[in-house]
Amino acid sequence: MTPSGRPSGVVALLTAAALATAAALTGCAPSTSTGAAGGDERTGLLRVWLFREVDNGPKAAVVGKAVAAFAREHRGARVDVTYIPVETRAQRIKAAFNDPRSAPDVIEYGNTDTAGYVRDGGLADVTADFAAWPEARDTDPAARRSVTVDGKVYGAPLFVGVRALYYRTDVFRELGLRPPRTQAELAETARRIHRERPDLYGLAVGGSYTYGALPFLWANGGALAEKKGRKYTAAVDSEAAKRGITAYTGLFGEHNCPPAKCAQLGGNATVEAFASGRAAMAIGGDFSHRAVENGKAAGRYAVVPLPGAEEGSIAPAFAGGNNIGVLKSSSHRTLAVELMRTLTGKRTQSELFDAMGFLPTYTDVRREAARRQPYVEPFVRTLSAGAAFVPVTPAWAAIDAGQVLPVMFQEIVSGRRSVDAAASAAAKKMNSAFRAAG
Amino acid sequence: MRTHSRWTPWIYLAPALVLLGGLLLYPVYQLGLISFLEYTQAQVSGGRPTSFQGFGNYAALFRDGQFREVLLTTVLFAAACVLATLATGCALAVLLTRVRALPRLALMTAALGAWATPAVTGSTVWLFLFDPDFGPVDKLLTRLGMSGFDGYSWTYDRYSAFALVLLEVVWCSFPFVMVTVYAGIRAVPAEVLEAAALDGASQWRIWRAVTAPMLRPILVVVTLQSVIWDFKVFTQIYVMTNGGGIAGQNLTLNVYAYQKAFASSQYSLGSAIGVVMLLILLAVTLAYLRLLRSQGEEI
């Protein structure tokens, strides 16, 4: 800001410069990858990207062993495994799709990303390879759905994650309670605990804990969306779904989990509340086991499947987990598929379970695992009862990032909107995302 | 030799202009271009062809009721932040000129500490201070007799959440205003102030009639800086309200753009939001400079 600089002069100058630059660059479109189709070389370097876990050592050891076995069987093939941080995986993987030359051949990815990655043109179709693979026959149906888009398979499941009900055995014993058998009993138990122990949440719930809330929706016969032909239509505003939404949001309140504190909680925060002894029950995953073991609740808790609406039924859980896929741009297709089979095979999954506690995606391997480690038994039972999955469409990424479901739950629990109004607003947003995704 | 003297400054400026053009104008040009295309992850990775949308992205944006609401919220919130930051910064700058060396050093150190703290760290610490279960603020207020604050969740109510974020924004941006204005005040000749005091002017009158007019160019710079910073606030909202607050009640434009566009790879929509922000900031800046010029001020 010099004393002599006249603003209009500066602006005119900048405008002129902008126009000149724009003119010079006209025709310079934003970059688009050429998406060169890969080749099928039988020797050379295979690059693999796997997620870096919090305690990655045991995972790296199992993977290292599997890779060494692969290299022995495939002379001339070398494998380079890179562990990428989970937080920045989206950028890394998108960048890999954009620049095939620096992209890996094989990647690990979250199973809710499958449809988006397929739409982005990043993953190779391995339907025939998957069908010709004997081990794949034991893959559980929910895990198989998580690699399938429009009837084609785009990878192999690596592990599944599923949630169940953690409860404090000491609190239950002192109050003379039994683990709830229906959702109504669950709500009643939570209320009773909070009444008698006001410093504890009966059941810790969170307004942005989508995957903790969905079992309530599914258990009441609801669905997120229905598929007609190739098109999805939102179903969160159906009567059945609204019954489930009412059941979940009914857990918020001074009688259990006050909205002022619980409306903004996510899944990790509710598990944290349980682990630190501030909640008598929580909906946590098999992957939360270690966090709870490291908390105050250690040694004073047990896990049962989350009850469904009817006595003795189990609420369908969300089948989370990760898959391994081959990139379309890979120049070693056959080798990459072989490596994918090695990494997701029964032996590797069984070893990964022992090392990391990742639940295997093969029903027989999982049964075997539950025998070795009894703590996974309720999770295995939950999976056997039938797990559910989010709509397999690229629109799911937009719905997830747009926080459509958390906003719906939060609107209800904070009293801004009725269940009807919030559910129909969410359905409208979901439908526009489905339309946009084509 | 007239032509020669006319072009000489441009030759000297050329390196800087080329750099600015490359680093500033080219990205803005790309931003504008993408905002007219359909450009999602599928186009970036070459899965689908890029297509021209005209003003389609802008139309979609302005049809979206939430975007209009977020835009209004952002303008009001930024205005409140700018006013609070300027008031705090100026008041403390004046205070700095009045106190002894030791308290001045203490205030300066505290302010520089706040300035140097990364936004994510600052936001996390503020969040902890106001935590309903463990935060010292609620405990202190309760002990002072305000029992309503026992376990009070600051981020639950829309306005208290915005107030909390505003406090953090002011906390981390007032030092810039304070230091700059303080330097400006020190540059005001002592004789002028002394003369005003001898004429019997009150402190407030001296500030209004002598110091503030002399500080005008500096105040213009800090105001514009604050407007631009506070309009683009992202980290504080994102961290403190967990990505936009309960049911999106605390969304500001930048967080909205991130959520709507980048997290779901709708780059063209995100670019359109970016262009709208750019135009608003440009309009505010030009209007402000024009207003000053019409009052006969050269800056």
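**Strands, helix and cores**

Tutor: Start with β7(A) and β11(A): they run antiparallel and are joined by five bridges. Keep in mind that this is a predicted model.

Student: Ok. Which residue stands opposite Y166(A) in β11(A)?
Tutor: That is A282(A).

Student: And in what order do the four strands of the open sheet come?
Tutor: The order is β8-β11-β7-β12, in chain A. The pairing is mixed. β8 and β12 of chain A stand at the edges with a single partner strand each, so each has one side without a neighbour in the sheet. From one strand to the next, the twist averages 20 degrees.

Student: Which strands does α12(A) lie across?
Tutor: It lies across β7, β8, β11 and β12 of chain A. Its direction is at about 135 degrees to β11(A).

Student: Which residues of α12 in chain A are buried?
Tutor: The helix spans residues 267–275, and the buried ones are G267(A), T270(A), V271(A), A273(A), F274(A) and A275(A).

Student: What covers them?
Tutor: The cover includes the strands β7, β8, β11 and β12 of chain A, and also α13 (289–293) of chain A.

Student: What comes just after α12(A)?
Tutor: G277(A) does, with a positive phi of about 85 degrees.

Student: New topic. How many residues are in the largest nonpolar core?
Tutor: It has 95 residues. Among those with the most contacts inside it are I193(A), Y248(A) and M408(A). Helix α20 (residues 419–437) of chain A gives the largest share, nine residues.

Student: Where does this core lie, and why?
Tutor: Domain 1 (44–161 + 320–379) and domain 2 (163–318 + 394–437) of chain A both give residues to it, so the core lies between them.

Student: What is Y248(A) in contact with, beyond its neighbours within four places in sequence?
Tutor: Its contacts there include V205(A), Y209(A), F216(A) and F409(A).

Student: Over to chain B, then. What domains does the assignment give?
Tutor: It gives domain 1 (1–25) and domain 2 (64–294). Their C-alpha centres lie 36 Å apart.

Student: Where does V284(B) lie?
Tutor: In helix α13 (residues 267–294) of chain B.

Student: How far apart are V284(B) and D199(B)?
Tutor: They are 85 residues apart in sequence. In space the C-alpha to C-alpha distance is 39 Å.

Key: Residues numbered from 1 in each chain as written. Chains lettered and ligands numbered in written order. Predicted model: local features only at pLDDT ≥ 70, side-chain atom pairs only at ≥ 80, totals over all residues. Heavy atoms only, no water. Core = buried A, V, L, I, M, F, W, Y, C linked by side-chain atoms within 4.5 Å. Buried < 20%, exposed > 50% of the residue type's maximum accessible area, 1.4 Å probe, protein only. Helix = DSSP H or I, 4+ residues; strand = E, 2+ residues; numbered from the N terminus. Domains from an automatic or database assignment. Contact = heavy atoms within 4.5 Å. Pairing = 2+ DSSP bridges. Axes fitted to C-alpha atoms, helices over the stretch in contact; angles between N-to-C directions.
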